[in-house]
Amino acid sequence: MSEALQNEILPLEIEELTFEAGGKRLIKEVTHKFRAGPRTVILGPNGAGKSLLLRLCHGLLKPASGKIRWCGAAADDPARHQAMVFQRPVMLRRTVAANIDYALSLRGMDRDARKVRVEKMLESTGLSRLANSPARVLSFGEQQKLALARAWAVKPRVLFLDEPTASLDPAATHAIEDVIDAIHKAGTRIIMTTHDLGQARRIADEVLFMHRGRLLESSPADAFFERPEDEQARAFIHGELLWWDQPETRLQ
Ligand SMILES: Nc1ncnc2c1ncn2[C@@H]1O[C@H](COP(=O)(O)OP(=O)(O)OP(=O)(O)O)[C@@H](O)[C@H]1O
Ligand SMILES: [Mg+2]
């Protein structure tokens, strides 16, 4: 198998995906094909179901019904070729460098190769000067950079990011977006959630718009922002509040 195909798990096809919890249907018949290439931003108001959809795709939650299918040449072991970064990352009680090193050791990489990769990740994310600091004393923004470095270190084919800048100030947000851009350019497929329109405009090649557990629109980013087809998406882009209608979530 050629090197490019060795980790190719895309496309990812999800079909009629439904998720239920606490007696409610929270994700409703979502169908989409994630192809290789573009950066996908899953956009929508708080409570839309963005994080749930991401967790379903990453295999952390089990759907009530529907299909999740990885279709690439390496799809027999999809877990090995994907990673996820959460809004509030959990750091190990070790140094910054050791956090990255640990992620690599779990993948069975030998010590010399790990050393080179850790250095490269620290440099690429601007964390070199903090290499020997305990990870848990880092600021939120620095911790989020470390979470990205740790996930990127294993060279995943697909990286899921759940609101990676939600609690960060504009400067830290900008720095994280730069790292996301570098990860994309290095060949990792980015699939991320945000409720921040500005961020979606800066990052997205493709937008999936969610509301009340449904995927209401999926379009190339230019088309989405210029001519959103869905009425709720239009309202969201124009800054109008979208209400979460609780009765609609109840199971029949
Ligand atoms: N285990 C659960 N049991 C019951 N309800 C849940 C559960 N997990 C999530 N929910 C509900 O599902 C809905 C969608 O949650 P989700 O976290 O996916 O939203 P989101 O779009 O990521 O919102 P945010 O922008 O606030 O992160 C919310 O109303 C949430 O309260
Ligand atoms: Mg969320």
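Modeller: Two strands pair if DSSP finds at least two bridges between them. Keep that cut-off in mind, as this is a predicted model.

Colleague: In which sense do strands β6 and β7 pair?
Modeller: β6 covers residues 158-162 and β7 covers residues 189-194. They share 5 bridges, and the cut-off is at least two, so they count as paired. One bridge joins Asp-162 to Thr-193 in β7. The sense is parallel.

Colleague: Which are the edge strands of the open sheet?
Modeller: The sheet has 6 strands in the order β5-β6-β7-β3-β8-β9, with mixed pairing. An edge strand pairs on one side only. The edge strands are β5 (82-85) and β9 (214-220).

Colleague: What angle does helix α2 make with the direction of β6?
Modeller: α2 spans residues 50-58 and packs on the sheet. It touches β3, β5, β6, β7 and β8. Its buried residues include Leu-53, Leu-56 and Cys-57. Its direction makes an angle with that of β6 of about 155°.

Colleague: Is Glu-16 buried or exposed?
Modeller: Glu-16 lies in strand β1. Its phi is positive, near 50°, though it is not glycine. It has 12 C-beta neighbours inside 10 Å, and the cut-off is 12 or fewer, so Glu-16 counts as exposed.

Colleague: Where is Lys-155, which has a positive phi although it is not a glycine?
Modeller: The phi of Lys-155 is about 50°. With 16 other C-beta atoms within 10 Å, Lys-155 is partly exposed. Its place is the loop between α5 (140-153) and β6.

Terms used: Residues numbered from 1 in each chain as written. Chains lettered and ligands numbered in written order. Predicted model: local features only at pLDDT ≥ 70, side-chain atom pairs only at ≥ 80, totals over all residues. Helix = DSSP H or I, 4+ residues; strand = E, 2+ residues; numbered from the N terminus. Contact = placed C-beta atoms within 7 Å. Axes fitted to C-alpha atoms, helices over the stretch in contact; angles between N-to-C directions. Buried ≥ 20, exposed ≤ 12 C-beta atoms within 10 Å, placed from the backbone.
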